[in-house]
Protein chains: 2
Amino acid sequence: MNAEAQRSATAPSRPTLDDIRAAHKRIAPHIHRTPVVTSASLDALAGAHLYFKCENLQRSGSFKMRGASNAVFSLSDTEAARGVVTHSSGNHAAALALAAKERGIRAWIVMPSDAPQVKRRAVEAFGAEVVLCEPTLASREATAAEVLRRTGAVLIHPYDDERIIAGQGTAALELIEEIPDLDFVLAPISGGGLLSGTAIAAKNLRPAIRVIGCEPANADDAARSLAAAKIEPAATTKTIADGLRATLAPRTFEILRRLVDQVALVSEEEIVSAMRLLWERLKLVVEPSGAVAAAPALFRQIGADGKNVGIILSGGNLDLDSLPFRPTAPRQPLPTER
Amino acid sequence: MNAEAQRSATAPSRPTLDDIRAAHKRIAPHIHRTPVVTSASLDALAGAHLYFKCENLQRSGSFKMRGASNAVFSLSDTEAARGVVTHSSGNHAAALALAAKERGIRAWIVMPSDAPQVKRRAVEAFGAEVVLCEPTLASREATAAEVLRRTGAVLIHPYDDERIIAGQGTAALELIEEIPDLDFVLAPISGGGLLSGTAIAAKNLRPAIRVIGCEPANADDAARSLAAAKIEPAATTKTIADGLRATLAPRTFEILRRLVDQVALVSEEEIVSAMRLLWERLKLVVEPSGAVAAAPALFRQIGADGKNVGIILSGGNLDLDSLPFRPTAPRQPLPTER
């Protein structure tokens, strides 16, 4: 990080480290404190000491429960009584539904009509009401606006929201509490909420840490945007990492510009290889998006030789009927050892 | 447990609870203290409070590291200098290889020539020497005997050994330390080492606990043996739970007779369904043998309504290229929630 970034890292833009600490206190009864796991064989492969923060073991199956519960439990009683609404086909949908259930309020989730049945069922099982829309951004936003008008509920955006970012930052807060001497921290980038919260927590707790955002090369909007110094779309969003297809918002873009040292791009083959290694060696079910932040460390792409590297495994929700493993995939020579 | 069993539970046959405690102290530097995890959605399915002891997260990928390291670190320096030998194509092979590596001694592992390449590589990666034999029990035993003669090494049997049983009992010791008010504890049965150690720990720490051994209906030698009051072979060993095909030894048979309350038989379909539920809800990679002890609780077959049930997930080693999940499998209605 350069001198300018270091100065601005401590500037009082929101959320602050104190906001993240307050979020942690607020959501503690509603989340799991997830374990940090290690593997001798993966350390040998990476040539570094890897510390995996297991948000795949978080309630609702991803880190999204942190932000969603912080947002929901930040509402006043009057606001909360109106219920909450969001548009999402993925992990934020399930997390917001669960957080609303925990607070005992209503939730409406706008989902595209082509969302997987399994995700729709998850949202419904948490007691939320699914409102279907066409699978386009325009239809999503129009439908959400219509639901807002009709219900008077409060919109909880998946990432363009201070309370969400503060909540997501609690994963890194816990990780650094447990492993204070990290040299690197890696998190995936979609809309940038997790990486924003991670960077704020990490740079304030440990200014010398390198914060690396990781995204599929096939959905590289953050790399393009940071290079161009303005928000740019990805060239494609054709990636197995279905959770990483969103685009930065102005709020997250500004935070990443200030605090992120590097964006690492990960190929589709690397995503699947990393995912397979995590399943084999850690015995953990990690979804493709969740494996993206592991790949640059596992495949020695970040110059972390001998260093302590924190990696946020963001989620574990995927369809076991369509796994990407193939009998023709190259076999790994090392045994299971952790 | 009847009165006779209660009396004999405290009789001084070996290993004793104190042996298990001593084993725990001995092996603590060489094993992981594995987590105990819970899932609200699995509790709802089971109608009980389930506590999963995650031996799939144990070093070498299964509970076998507990017994193997207890045996290896129980050897005198003179014995240890001779090295160790065993015959196994599975988790005991990898665990003994790793335990020997930790002590810095040689290990010879007799494996059938048709053992999966991945398992052979695991053993070799831990530095052990693989000695191939024909895939018959006679060839295994003859080859092991030949290696013993040739090398003077010490035989470490996979389960017919007090030190092994004491080591395996440390998983239940940790589980009951963490969750003292268990009403049931479930463990899979193969040669009976894990269940023997589990039963000794559990019945001595908590005499009212019900100890349930679980085995595939397609490899039902323990159920047959306990019913016949003598060791009987299984009718078949055609099961996906490849780790549960061994037969009780006199030593384990006697312990199970005294201390096990019930043997639950699990169908092949139930093994796969239980495994799938564990992967989906716990986000844990559990091998088929490891899922066998979960099935009777998940599918409400043990009369545990509202009770506290400990389940030992014994291992997580399997080939990701040949998973049993099929798109035609019945989908589970509940979401991921823990």
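The model is a predicted one, in which local features need pLDDT of at least 70 and side-chain atom pairs count only at pLDDT 80 or more, whereas totals for chains, interfaces and linings use all residues. Residues are numbered from 1 along each chain as its sequence is written, while chains are lettered from A and ligands numbered from 1 in the order in which they are written.

Helix α6(A) is largely enclosed by the rest of the structure, because ten of its 13 residues are buried. From its first C-alpha to its last, α6(A), residues 91–103, reaches 18 Å, close to the 18 Å expected at 1.5 Å a residue, the expected span being 1.5 Å times one less than the number of residues. Just after α6(A), G104(A) adopts a positive phi of about 80°.

Chain A as a whole comprises 15 helices and ten strands. Its radius of gyration of 19 Å is close to the 20 Å that the globule rule gives for 338 residues, so chain A is as compact as a globular protein of that length; the radius is taken over C-alpha atoms, and the rule is 2.2 Å times the number of residues to the power 0.38. Along its principal axes, the C-alpha trace of chain A spans about 55 × 50 × 40 Å, and 56% of the 338 residues of the chain count as buried. Among contacts in chain A with a separation of 6 or more, 75% are accounted for by residues 24 or more positions apart.

In chain A, four strands form an open sheet in the order β5-β4-β3-β6, with parallel pairing, two strands being taken as paired if DSSP finds at least two bridges between them. Strands β5 (129–133) and β6 (154–155) of chain A stand at the edges with a single partner strand each, so one side of each is left without a neighbour in the sheet. Strand β3 (residues 84–87) of chain A pairs with β4 (residues 107–112) of chain A in the parallel sense over four bridges, and H87(A) stands opposite V110(A) in β4(A). Helix α8 (residues 137–151) of chain A lies across β3, β4, β5 and β6 of chain A and runs at about 160° to β4(A), with axes fitted as lines to C-alpha atoms, for helices over the stretch in contact, and angles between N-to-C directions running from 0 to 180 degrees.

Chain B contains an open sheet of four strands in the order β5-β4-β3-β6, with parallel pairing, in which the edge strands β5 and β6 (154–155) of chain B each pair on one side only. Strand β4 (residues 107–112) of chain B is mostly covered, five of its six residues being buried. Four bridges join β3 (residues 84–87) of chain B to β4(B) in the parallel sense, and within β4(B) the bridge partner of V85(B) is W108(B). Between β3(B) and β4(B) the chain passes through helix α6 (residues 91–103) of chain B in a right-handed β-α-β crossover, a crossover being right-handed if, with the strands pointing away from the viewer, the path from the first strand over the helix to the second runs clockwise. Strand β4(B) also pairs with β5 (residues 129–133) of chain B in the parallel sense, over five bridges, with V110(B) opposite V131(B) in β5(B). The crossover from β4(B) to β5(B), which is right-handed, passes through helix α7 (residues 117–125) of chain B.

Several backbone sites are also of note. Most residues other than glycine have a negative phi, and most peptide bonds are trans. The peptide bond from R14(A) to P15(A) is cis, with omega near -5°, and P15(A) is placed in the loop between α1 (3–9) and α2 (17–27) of chain A. In chain B, the bond from R14(B) to P15(B) is cis, with omega near -10°, and P15(B) is placed in the loop between α1 (3–9) and α2 (17–27) of chain B. Phi of K283(A), a residue other than glycine, is positive, near 60°; K283(A) lies in the loop between α13 (268–282) and α14 (288–291) of chain A and counts as buried, with 29 C-beta neighbours inside 10 Å. A229(B) likewise has a positive phi, near 60°, and lies in the loop between α11 (221–228) and α12 (250–259) of chain B, where A229(B) is exposed, with 9 other C-beta atoms within 10 Å.

How values were computed. Helices (H or I, at least four residues) and strands (E, at least two) are DSSP runs, numbered from the N terminus. Two residues are in contact if their C-beta atoms, placed from the backbone, lie within 7 Å. A residue is buried if 20 or more other C-beta atoms lie within 10 Å of its own, exposed if 12 or fewer, and partly exposed in between; C-beta atoms are placed from the backbone.
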